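Open the model in your viewer and follow the stops below in order. Each stop says what to select and what is there.

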Amino acid sequence: MRIRTASATAIVAALGVALAAPAAAQAAPVAIAPRFASSAAAPAGSWAGLEPAGTDGVARTTAAITGSTAFTLQVHEPAGATGRVLDPALDGTVALAVTPLSAGAAGTTGATAYFDPAAPTSAPNGWPGANDVLTSGFAVEQGIQTWAFSYAFDFSGLAGGVLPAGSRIAVSDVDVCQSATVGGIDERFAATSSATGPWLDYQYRVVVSGSQPTPTPTVTFDADTGGYAITPQCVDRGMTEVLVTTQPVSTLTLELANRQGAGVTRFGLLLPTSAPAPGIQLVKTTDGQDVAAAPGPRLVAGEPVDYGFAVTNSGTTDLASVTVTDDRVDAAAIDCGDGTNVIPLLPVGATVDCAATGTVVVGQHANTATATGLPVDSRGAPVAGAASPSAQDSSWHLGVVDPSASIATSASTGEAQPGETVTFTTTVGNTGVTTLDGAVVEAPVPDGFEVTDAGGGVVTDGGASGSSVRWEVGELAAGETATLTLTGVVRETQPGAVLELRASGSASVGETTVALQPVEACVDDETASCAVVTVAAVAPPSTAPPTTTPSTPPSTPPSVDPGASGTLPATGSDLAPVAWIVAMATLLVGLGVVLRRRTR
């Protein structure tokens with residue numbers, strides 16, 4: 001990370017706003033009193049200091065400040081034994097730029113920064129032991145030489161980007177008054193920030209026993225600049241003023257000055273910690289699906305099934321020895337990345353995916369997985385008083401027998417003349433014991449066949465490759481069949497031409513797909529069922545003349561009206577009398593021939 005630094009001139013200018021005498025038009029800084037009489041009456045809490053980034057966070061370290069100095073710091077994590085943790089927003093780094101405002105004597109040490117993660121009960125170098133601000137240590141101490149420094153903090157490198165509200169600033173031993181013309185500068189403290197309006201709560205003052213202030217130092221707030229200041233009242237000694245931020249600030253600038261020969265002056269900056277809130281989340285999946293309820297995906301018995309376990313640290317503490325188990329899967333079959341079902345360390349916000357493989361058996365199944373972890377600090381020490389979080393999640397699936405299905409195709413006639421209507425029929429049957437989710441059948445439309453009714457199928461024009469028809473069949477129970485039809489007109493005119501419907505398809509159960517097995521396969525394709533119609537020749541029109549059938553005379557002569565005057569009755573034809581006379585003459589000739597023979 002790049003450390004943001006500022007020139008001494010810029011910082012002096014910024015601090016000068018808080019320290020310079022107000023203009024005539026501005027109101028003078030207002031003195032404010034502590035809200036609590038003592039630290040015993042103030043709200044209790046636990047705090048974390050700052051430490052150099054990348055350090056082990058255990059050993060106490062110091063850093064001498066003799067001029068412009070830059071630090072990259074991190075918020076010290078409380079030890080697990082304290083039962084306190086940092087908010088994730090405090091993860092990251094803090095940039096601190098120190099700039100001299102007034103140099104002391106040559107060869108003297110201007111200040112020393114103390115980083116003390118051991119959280120001493122009594123502060124180093126005379127800090128009052130009763131001051132609970134010092135339960136975790138970050139402090140800067142300026143020695144007895146005449147030095148003044150600006151300390152500019154930039155919190156944008158933290159995950160939350162700010163110093164949180166509730167952080168404490170402690171200032172100690174601002175207690176000597178002296179004219180600048182006699183022996184040097186006065187001790188004093190000033191603070192400004194990125195906030196607007198009041199942003200510090202002056203909570204209380206701690207006084208070393210036997211060293212009562214007379215009179216007390218003065219803490220003021222300048223409403224025009226948003227700056228706070230502490231100025232001494234002569235011989236006050238051994239006092240610590242404690243102020244608490246009331247709103248988040250992204251930058252904070254402090255100025256501290258001490259006078260030669262008048263002891264040391266110090267400040268500390270501490271951030272709030274919180275009670276641990278460990279948490280864990282688990283998402284169990286079956287073949288990649290997060291199944292919320294039964295029955296779940298339908299899987300073929302005997303086939304492998306993949307189980308997934310996504311484990312997430314949703315709390316405010318790291319988790320160690322996170323163990324994943326499943327009531328239907330052996331623990332040895334679960335792999336969390338290193339071949340075991342244990343995640344050694346799961347940091348806050350991290351997710352680890354574990355996996356296992358099983359075998360599908362027939363029937364309804366529910367698997368319940370469990371994940372449990374141990375709250376620890378970043379050094380692996382258990383967090384005192386933090387309960388181990390646990391999470392469960394279930395997933396379901398239905399094991400089914402391997403499905404099977406058939407297909408058969410026929411035609412309404414084996415031969416048809418051009419212009420005749422033909423219907424092809426395709427039958428899909430569930431030949432297994434498992435209900436099919438559905439089936440799909442496809443067939444090219446025969447050349448020379450004009451479809452008039454696809455029977456619910458969809459005909460697609462494939463251009464040069466020809467048209468095709470597709471049917472989708474819904475759920476089919478065991479033994480159930482579905483009938484598909486394709487009706488059309490024969491347009492092919494070449495006698496002997498063949499119109500062939502070649503149908504094939506597949507059926508599905510869950511994620512499993514099986515091919516439809518033809519009852520009788522095509523001659524050249526074992527995966528399809530075929531039906532064939534041959535185009536018949538059209539018979540030519542007849543050219544023979546029409547035939548006539550001669551009329552047969554009636555066997556009974558027509559009756560004669562006795563009242564008529566010898567006129568024959570009308571028979572519907574003018575030739576009827578002639579025909580009757582010829583018939584009678586023929587009869588008489590025949591009788592004569594017979595009599596002549598008998599006479600002989």
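**Stop one: a sheet and its edges**

Select β30 and strand β33 (residues 481-490), which pair in the antiparallel sense over four bridges. Strands here are DSSP runs of E, at least two residues, numbered from the N terminus, and two of them pair if DSSP finds at least two bridges between them. This is a predicted model, in which local features need pLDDT of at least 70 and side-chain atom pairs count only at pLDDT 80 or more, while totals for chains, interfaces and linings use all residues. Residues are numbered from 1 along each chain as its sequence is written, and side-chain values use heavy atoms, with hydrogens and water left out.

Within this pair, Glu-450 stands opposite Val-489 in β33. Now show the open sheet of five strands, ordered β30-β33-β28-β26-β36, with mixed pairing. β30 (449-453) and β36 (517-518) are at the edges with a single partner strand each, so one side of each has no neighbour in the sheet.

**Stop two: another sheet**

Select β19-β25-β24-β21-β22, five strands in that order that form an open sheet with mixed pairing. Its edges are β19 (298-300) and β22 (342-346). β19 pairs with strand β25 (residues 390-400) in the parallel sense over three bridges, and Val-300 stands opposite Val-400 in β25.

**Stop three: Glu-500**

Select Glu-500 in strand β34 (residues 498-509). Among the residues that Glu-500 touches are Pro-446 and Cys-530; contact means heavy atoms within 4.5 Å. The C-alpha atoms of Glu-500 and Asp-447 are separated by 8.5 Å, at 53 residues apart along the chain.

Definitions and conventions
Lists of a residue's contacts leave out its neighbours within four places in sequence.
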